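Have the model open as you read.

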Amino acid sequence: MASFQSLRTQYASLLKRFLSSTKEFEVLATVPPDHSAESETLYVLDSSFNPPTRAHLRIASTALLENPKPRPRLLLLLATQNADKPSKPASFEDRLAMMELFARDLRARLAESPAFAASGLSHAIENLPLVDIGVTRKPYFVDKAAAIEASDSYPVALEQVHLTGYDTLIRIFNPKYYPPTHTLQPLEPFLSKHRLRVTMRPSDEWGGKEEQLGWLEALSRGDRDAEGAQSEWAKRIQLVEGRSPSDPPVSSTLAREALQSDLEDLKRLVPDQVRQFVLSEHPYAGKIKA
């Protein structure tokens, strides 16, 4: 579609401008383009969005519906340098275009949500969260949060709530990512002001629900203090339920595989506008196994 191609071209231009600048973080676009609204909380969903999935949709929507007043704001954040993953198979401009389409899908889902109506906000479009599409050069969590805070995109006092999975939480608390001392002390500036909302992911690798809750209890007891952590940080971390064990898994990897083997399953894996983009623009054509 011409509109999809135009969106991709727009983000290619915005990304080129960012990469040629010295900025560490920039908001490229806002859905809808409204820069006057003030928020007290910035939810941050940092992912490779390769492509955005219904799992992303659930994580973002449940967080935003949890406390819809005052009007929250969501930042979809893409790192142009990732500590653990290569920048493929989809190009960054394709991913940014899909992030905007995801933002539209998210706002439509929120507007139709019974919980949104029950909050007293009804279906008023002006009360839906604004969604920012942002990029950062920083590969590591702490540096990303600091770059957001140091930018002129948001008020300095704005609280950041980073939406992560349990696997990401474990990486955040891995001292190997904090040279040269390799302690957890670099987390202090973030966890003294901001928060983590962590979706639990019971699995063979990460353990069951009780084990994951136990990780937070151990932090609260001071079991990680010798590594530079602080027991008070546990109060800044919220563990929330993920998908039901009976629900089929959803991931970007499964979405890419569905493009090859089961287009019907793609409906279950990605939101509507993202699916239309993937099928129309073929961002993974010839690259699925890359």
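Our first stop is Arg73, which sits in strand 3, spanning residues 73-79. Keep in mind as you look that this is a predicted model. Is Arg73 buried or exposed? Its relative accessible area is 10%, and because the cut-off for buried is under 20%, Arg73 counts as buried. What does its side chain meet there? The side chains of Arg73 and Asp132 are joined by a polar contact of 2.8 Å.

Next, turn to the backbone. Most peptide bonds are trans, and most residues other than glycine have a negative phi. With that in mind, look at the bond between Asn50 and Pro51: it is cis, with omega at about 5 degrees. Pro51 belongs to the loop that runs between strand 2 (41-46) and helix 2 (54-66). A cis peptide bond also leads from Pro179 to Pro180, where omega is near 0 degrees. Pro180 lies in the loop between helix 6 (166-172) and helix 7 (188-191).

Stay in that part of the chain for His182, which is placed in the loop between helix 6 and helix 7. His182 is not a glycine, yet its phi is positive, near 55 degrees. With a relative accessibility of 40%, His182 is partly exposed.

Which other histidine deserves a look for its phi? His282 has a positive phi of about 50 degrees, although it is not a glycine. You will find His282 in the segment after helix 11 (272-281). Its relative accessible area is 49%, so His282 is partly exposed, since exposed would require over 50%.

Technical notes:
Residues numbered from 1 in each chain as written. Predicted model: local features only at pLDDT ≥ 70, side-chain atom pairs only at ≥ 80, totals over all residues. Heavy atoms only, no water. Helix = DSSP H or I, 4+ residues; strand = E, 2+ residues; numbered from the N terminus. Buried < 20%, exposed > 50% of the residue type's maximum accessible area, 1.4 Å probe, protein only. Polar contact = N/O pair within 3.5 Å; in protein donor to acceptor, adjacent residues only side chain to side chain.
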